[in-house]
Amino acid sequence: MLPSQALLPAVVFALTALQALASDTFIAAVYEHAVVLPDPTEEPDSPDDALALMNKNMDVLEGAIKEAARKGAHIIVTPEDGIYGWRFTRESIYPYLEDIPDPVVNWIPCTDPSRFGPAPVQERLSCMARNNSIYVVANIGDKKPCNSSDPKCPSDGRYQYNTDVVFDPQGKLVARYHKYNLFVVESQFDYPKEPDAVTFETPFGKFGIFTCFDILFYEPAVVLVSKMQVDTVLFPTAWMNVLPFLTAVEFHSAWAMGMRVNVLAANTHNTSMEMTGSGIYAPAGARTYSYNMKTEDGHLLIAELDAHPRLSPASPPAVSWNSYALSVERFSQNDHEFTGIVFEDPFTFTELTEPEGNLTLCQKDLCCHLSYKMAEKRDDEVYVLGAFDDLHVVEGQYYLQV
């Protein structure tokens with residue numbers, strides 16, 4: 001028998017096994033973590049002290065991972081900054097960083113921990129995934145050497161990246177994403193030279209990943225959905241809720257609806273910084289979520305999702321929002337428009353003076369149309385419709401339409 005003929009039954013068996021493993025649904029988990037923070041200092045900790053703090057956080061995350069796996073979860077997402085926190089300078093974060101290779105190297109840190117130098121954090125995360133047969137998503141720091149021939153090389157001779165990693169149920173590194181849109185206070189990290197649209201395949205759909213502030217920008221967030229056609233977005237975040245807009249649950253749920261994808265959003269938990277709000281969102285709405293400003297506890301969320309949400313009967317049909325906006329007839333405006341400042345942004349507001357009605361409010365190119373009916377209206381409350389369409393400049397510069 002020819003060697004190719006001998007391999008044919010094995011190939012057929014493997015394809016059959018993969019088809020059997022493929023699923024129309026999967027169980028997702030996210031964990032909102034109350035991070036153990038380091039003491040604020042400009043002096044770097046020793047490597048041993050840095051690892052000791054990260055192990056405290058990984059002890060908590062490992063408990064959540066074991067519980068999620070016990071309840072049947074196939075994947076769990078943990079938050080941005082969930083392993084070492086924040087409060088860092090460029091120098092003080094260095095002991096917390098590891099060299100994270102490109103996943104093409106086909107590496108399982110749990111079984112080969114020293115292949116790319118010391119990597120105790122990657123080793124432990126890999127073992128958590130392998131020992132519990134679950135995909136594990138975590139946010140850690142990557143370091144890459146550079147030299148003077150690179151005009152963008154920092155003066156200390158290294159790049160430092162805010163990085164998401166994904167380990168599969170065998171513990172293999174299958175994805176690495178360097179955060180492209182850094183928040184203004186992330187001076188300890190460098191911007192990647194180019195945005196990277198990171199995806200990976202699973203038996204339950206195509207996944208993409210990005211981090212926190214990235215969700216407000218075209219690259220990589222919209223690119224992953226519109227061009228890469230991912231089914232599910234993994235979203236580690238350290239999201240500070242800013243009322244009355246950019247609140248975690250409402251914003252992330254609306255993004256999932258608008259993009260027609262699943263979103264697994266894992267937030268850090270720190271009430272003093274208004275950080276809370278995690279959820280598992282589908283295009284048809286939230287499957288589960290948590291928003292807790294009363295206690296400092298972490299929280300595990302688990303829900304079942306469609307593996308291919310665009311094909312699901314429960315998924316709302318695709319909408320051309322541009323065509324819809326152009327087709328909407330403007331409702332009447334009223335005499336109660338006024339301006340007000342929210343987070344230093346000059347909003348245009350109009351008061352809802354009647355128990356029910358229809359209103360249109362515009363600022364520049366953004367028009368908001370509202371049909372409403374009040375169940376009751378107290379004398380000591382004022383209800384308004386607001387719109388903002390301009391450059392937001394408080395913590396960086398980017399355009400918003402709210």
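A disulfide is counted here when two cysteine sulfur atoms lie within 2.5 Å of each other. The legends below describe close-up views of a predicted model.

View 1. Another cysteine to look up while you are here is Cys212, which is buried with a relative accessible area of 9%.

View 2. With a relative accessible area of 31%, Cys367 is partly exposed.

**View 3. The disulfide of Cys110 and Cys127.** The sulfur atoms of Cys110 and Cys127 are 2.1 Å apart and form a disulfide. Cys110 sits in the loop between strand E2 (75-77) and helix H3 (120-132), while Cys127 belongs to helix H3, so this pair ties together parts that are 17 residues apart in sequence. The link is right-handed, with 100 degrees about the S-S bond. Both Cys110 and Cys127 are buried.

View 4. Cys146 is joined to Cys153 by a disulfide with an S to S distance of 2.1 Å. The link is right-handed, at 75 degrees about the S-S bond, and both Cys146 and Cys153 are buried. The count of disulfides comes to three. If you number the bonded cysteines of the chain in sequence order, the pairing reads 1-2, 3-4, 5-6.

**View 5. The six-stranded open sheet.** Follow the strands across this sheet in the order E5-E4-E3-E2-E1-E12; the pairing is mixed. Strand E5 (173-178) and strand E12 (299-306) are the edge strands, each pairing on one side only. On average, neighbouring strands of the sheet are turned by 35 degrees against each other, direction ignored.

**View 6. Strand E1 beside strand E12.** Strand E1 (residues 25-32) pairs with E12 in the antiparallel sense, over eight bridges.

View 7. The chain is divided into domain 1 (25-311) and domain 2 (337-401), and the C-alpha centres of the two domains lie 33 Å apart. Glu337 is found in strand E13 (residues 337-342). Leaving aside neighbours within four places in sequence, Glu337 is in contact with Thr348, Phe349, Thr350 and Leu361. Glu337 counts as partly exposed, at 36% relative accessibility. For a sense of scale, look across to Phe207: the C-alpha atoms of Glu337 and Phe207 are separated by 44 Å, and the two residues are 130 apart along the chain.

Notes
Residues numbered from 1 in each chain as written. Predicted model: local features only at pLDDT ≥ 70, side-chain atom pairs only at ≥ 80, totals over all residues. Heavy atoms only, no water. Helix = DSSP H or I, 4+ residues; strand = E, 2+ residues; numbered from the N terminus. Buried < 20%, exposed > 50% of the residue type's maximum accessible area, 1.4 Å probe, protein only. Contact = heavy atoms within 4.5 Å. Domains from an automatic or database assignment. Pairing = 2+ DSSP bridges. Axes fitted to C-alpha atoms, helices over the stretch in contact; angles between N-to-C directions.
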